[in-house]
Amino acid sequence: MADRPTAIFASNDDMAAAAVAVAHRRRLDVPGDISICGFDATAMATTIWPELTTIRQPIARKAEFAVALLSRAAHSQGSAIQPAHSNFGFELIIRASSGPPVPGD
């Protein structure tokens, strides 16, 4: 592409790792030519080169919240359950697969 992207945010770390592999096959420097970020902060994110920038979400807290909702529903004895909302936040883990765009691109 004449006007190629400078970054990819993948849906998960596996897809981000695949994007890094494709970038290497196309002789693109990660992060010099393209930054790549994954999602889920899996162990694999630190086993590839360059190590993946990724997003970590609080899976255990989300699971506890879901179990509490299910427990409340199970003990409601048929009465209506009100929807519950929560914001769990996330953590951006910056590693070597991301950087600023190259000037002039």
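Tutor: We shall go from the overall fold to single residues.

Student: Before that, what kind of model is it, and how are residues numbered?
Tutor: This is a predicted model, in which local features need pLDDT of at least 70 and side-chain atom pairs count only at pLDDT 80 or more, while totals for chains, interfaces and linings use all residues. Residues are numbered from 1 along each chain as its sequence is written, and side-chain values use heavy atoms, with hydrogens and water left out.

Student: How many helices and strands are there in the chain?
Tutor: The chain has 2 helices and 4 strands. Helices (H or I, at least four residues) and strands (E, at least two) are DSSP runs, numbered from the N terminus.

Student: What pattern does the chain follow along the sequence?
Tutor: The pattern is β-α-β-β-α-β. The radius of gyration, taken over C-alpha atoms, is compared with a globule rule of 2.2 Å times the number of residues to the power 0.38. For this chain the radius is 19 Å, well over the 13 Å that the rule gives for 105 residues, so the chain is more spread out than a compact globule. Along its principal axes, the C-alpha trace spans about 60 × 30 × 20 Å.

Student: And what share of the residues is buried?
Tutor: Buried residues make up 25% of the 105 residues. Buried means under 20% relative accessible area, exposed means over 50%, and partly exposed is in between (1.4 Å probe, protein chains only).

Student: Which residues make up the largest nonpolar core?
Tutor: That core has 10 residues: Ala 10, Ala 16, Ala 19, Val 20, Ala 23, Val 30, Ile 34, Ile 36, Ala 45 and Leu 52. Its largest share, 4 residues, comes from helix H1 (residues 13-25). A nonpolar core is a set of buried Ala, Val, Leu, Ile, Met, Phe, Trp, Tyr and Cys residues joined through side-chain atoms within 4.5 Å. In soluble globular proteins, nonpolar side chains tend to be buried together.

Student: Take Ile 34, then. What does it touch?
Tutor: Not counting residues up to four places away in sequence, Ile 34 touches Pro 5, Thr 6, Ala 7, Ile 8, Ala 23, Asp 29 and Ser 97. Contact means heavy atoms within 4.5 Å.

Student: New topic: how many salt bridges are there?
Tutor: The count comes to 1 salt bridge, where a salt bridge is a side-chain nitrogen of Lys or Arg within 4 Å of a carboxyl oxygen of Asp or Glu. Glu 91 pairs with Arg 56, and the closest N and O atoms are 3.1 Å apart. The pair links distant parts of the chain, with Glu 91 in strand S4 (residues 91-93) and Arg 56 in strand S3 (residues 54-56), 35 residues apart.

Student: What about Thr 54, buried or exposed?
Tutor: Thr 54, which lies in strand S3, counts as buried at 0% relative accessibility.

Student: Which side chain does Thr 54 join in a polar contact?
Tutor: A polar contact of 2.7 Å joins the side chains of Thr 54 and Asp 13. The Thr 54 side chain also reaches the backbone nitrogen of Ala 41 at 3.1 Å. A polar contact is a pair of N or O atoms within 3.5 Å; within protein, one must be able to donate a hydrogen and the other to accept it, and residues adjacent in sequence count only if both atoms are side-chain atoms.

Student: You mentioned Ala 41. Where is it found?
Tutor: Ala 41 is in the loop between S2 and S3, and has a positive phi of about 50° although it is not a glycine. Asp 40 lies in that loop as well; its phi is near 115°, a positive value in a residue other than glycine.

Student: Last one: where are the cis peptide bonds?
Tutor: One joins Val 30 and Pro 31, with omega about 10°, and Pro 31 lies in the loop between H1 and strand S2 (35-37). Another runs from Trp 49 to Pro 50, with omega near -10°; the place of Pro 50 is in the loop between S2 and S3.
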